[in-house]
Amino acid sequence: MRRRLYEKDHEDFREVVREFVDREVVPHQARWDAEHMVDRETWLAAGRQGLLGIAVPEEYGGGGHRDIRYRSVVVEELARVGAASLNSGFSVQDDIFLPYLLHLGSDEQKRRWLPGLVAGELVGAIAMTEPGAGSDLQGVRTTAVREGDAWVLNGSKTFITNGIASDLVIVVARTDPAAGSRGFSLLVVERDMPGFRRGRKLEKMGLVAQDTAELVFEDVRVPAANLLGEEGGGFGHLMDNLPVERITIALQALYAARAVVAWTLDYTGERTAFGKPIAAFQNTQFKLADMVTELDLVQAYVDDCLHAFDEGELTAVEAAKAKLAATETQKRVVDRCLQLFGGYGYMNEYPVSRAFVDARVQTIYGGTSEIMRTIIARDLTGLR
Ligand SMILES: Cc1cc2nc3c(=O)[nH]c(=O)nc-3n(C[C@H](O)[C@H](O)[C@H](O)COP(=O)(O)OP(=O)(O)OC[C@H]3O[C@@H](n4cnc5c(N)ncnc54)[C@H](O)[C@@H]3O)c2cc1C
């Protein structure tokens, strides 16, 4: 019954990714957690190995693979070692920032930024959320007013992934307050633009190696040449790009949960109580059986979505279903696994403990589970 997702080229690429993960990720994870930041050298090493900009055409230095399965391999291999923070950072770069630039960027913008992003010399972020506007992006209050050949940008954003590391930030701003949802545009703000400053690096319960930050814009003069896509078309551009963001969060959820089940299988096979391995108790066996069954079902749907995406057919509703199912399953699975570790599962030195807190955000960012249900239900009922 199984339709194989990966082909030989993907498996060859997996070897490269696995070697990168063992050499450049595993030895540094504890330090990144303590510093709440991944090293820039890791981005550069990923660039050298061809792990960034996989879908970027070769003329800009990219991998030239318009095949999301390569990204899936990267996500899976990082999840295997519990590197959820780095996974989310790379995902913002490859699954969010780069598609915006590839689909909407002018030739000049592509030439200016793509090679650096592919090399890891430039790190990208996307700034939609504000202190007063998250799920409801129509509430965005950041404004950009046209003055001569520049947009003057004012406002603040929060919870921005790669917020501290970023060299380029796509900022959602209101460029025409009277135009409702047609009044938003996307502007690319560059690291050294006067008036752009980083706020706090935020302290979080999970994804602690991820530099999630506040960003502040005070009279930042953004050249008109940094407008991405259509003036007033920002909202539509966001809607067009959300499915890829959501399907890759679903991938991260699925593979993070698979990794935790694998660790649990090992642990319960070794740990004994009442004279036998924990894995010999029927409760453990039933829990494990339930979890792999649920994950196999999610996998089938997500794999189908990947094929649909590659064929240009993935809809917003399908992506919402994939994100909802995968992230809610991840939360349940990781919680059950932690229980099977007993007290050790609660200790930070056990990766299941980190996986538990890392999983919690998955049903919140990229659109909450409630927003995913709203999208699915509106499609079903036709009611708003
Ligand atoms: C670690 C982390 C990283 C992030 N990275 C980024 C990033 O890189 N860029 C970025 O722009 N944002 C980022 N975010 C922000 C994230 O996308 C938002 O937090 C998320 O969209 C929810 O918005 P909110 O926090 O304002 O919650 P709110 O919108 O205030 O929601 C609060 C609650 O109300 C519910 N709710 C809202 N509307 C409805 C409705 N219509 N029906 C039913 N329930 C509803 C929500 O589901 C939620 O349970 C990140 C967040 C986190 C935690």
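In helix α8, the residues M291, L295, V298, Q299, V302, D303, C305, L306 and F309 are buried, where buried stands for 20 or more other C-beta atoms within 10 Å of a residue's own, exposed for 12 or fewer and partly exposed for anything in between, with C-beta atoms placed from the backbone. All of this comes from a predicted model, in which local features need pLDDT of at least 70 and side-chain atom pairs count only at pLDDT 80 or more, while totals for chains, interfaces and linings use all residues. Numbering runs from 1 along each chain as its sequence is written.

As for spacing, an α-helix has 3.6 residues a turn, so residues three or four places apart point the same way. The cover over the buried residues of α8 includes α4 (68-80), α7 (234-270) and α9 (316-340). After α8 comes G312, with a positive phi near 75°.

Stepping back to the whole chain, there are 11 helices and 10 strands. The radius of gyration, at 21 Å, agrees with the value near 21 Å for a compact globule of 384 residues; this radius is taken over C-alpha atoms, and the globule rule is 2.2 Å times the number of residues to the power 0.38. The C-alpha trace spans about 80 × 50 × 40 Å along its principal axes, and 45% of the 384 residues count as buried. Among contacts with a separation of 6 or more, 74% link residues 24 or more positions apart, a contact being two C-beta atoms, placed from the backbone, within 7 Å.

Three domains are assigned: domain 1 (8-122), domain 2 (126-232) and domain 3 (235-381), with bounds from an automatic or database domain assignment. The centres of domains 2 and 3, taken over C-alpha atoms, are 30 Å apart. Where these two meet, 11 residues of domain 2 contact 9 of domain 3. On the domain 2 side, that makes 7 nonpolar, 4 polar and no charged residues (nonpolar: Ala, Val, Leu, Ile, Met, Phe, Trp, Tyr, Cys and Pro; charged: Asp, Glu, Lys and Arg; polar: the others, Gly among them).

Domains 2 and 3 also each give at least three residues to the shell around the ligand. That shell holds 22 residues, with M128, G134, S135, T368 and E370 the closest; a residue is near if its C-beta atom, placed from the backbone, lies within 6 Å of the molecule. At least two shell residues come from each of β1 (124-127), β3 (150-160) and α11 (369-381). By type, the shell splits into 12 nonpolar, 8 polar and 2 charged.

H36 sits in the loop between α2 (29-35) and α3 (40-48) and is partly exposed, with 19 other C-beta atoms within 10 Å. N162, in the loop between β3 and β4 (168-174), is buried, with 28.

Finally, L114 lies in α6 (residues 107-119) and counts as buried, with 22 C-beta neighbours inside 10 Å. Leaving aside neighbours within four places in sequence, L114 contacts V56, Y60, G62 and L101.

Definitions and conventions: Helices (H or I, at least four residues) and strands (E, at least two) are DSSP runs, numbered from the N terminus.
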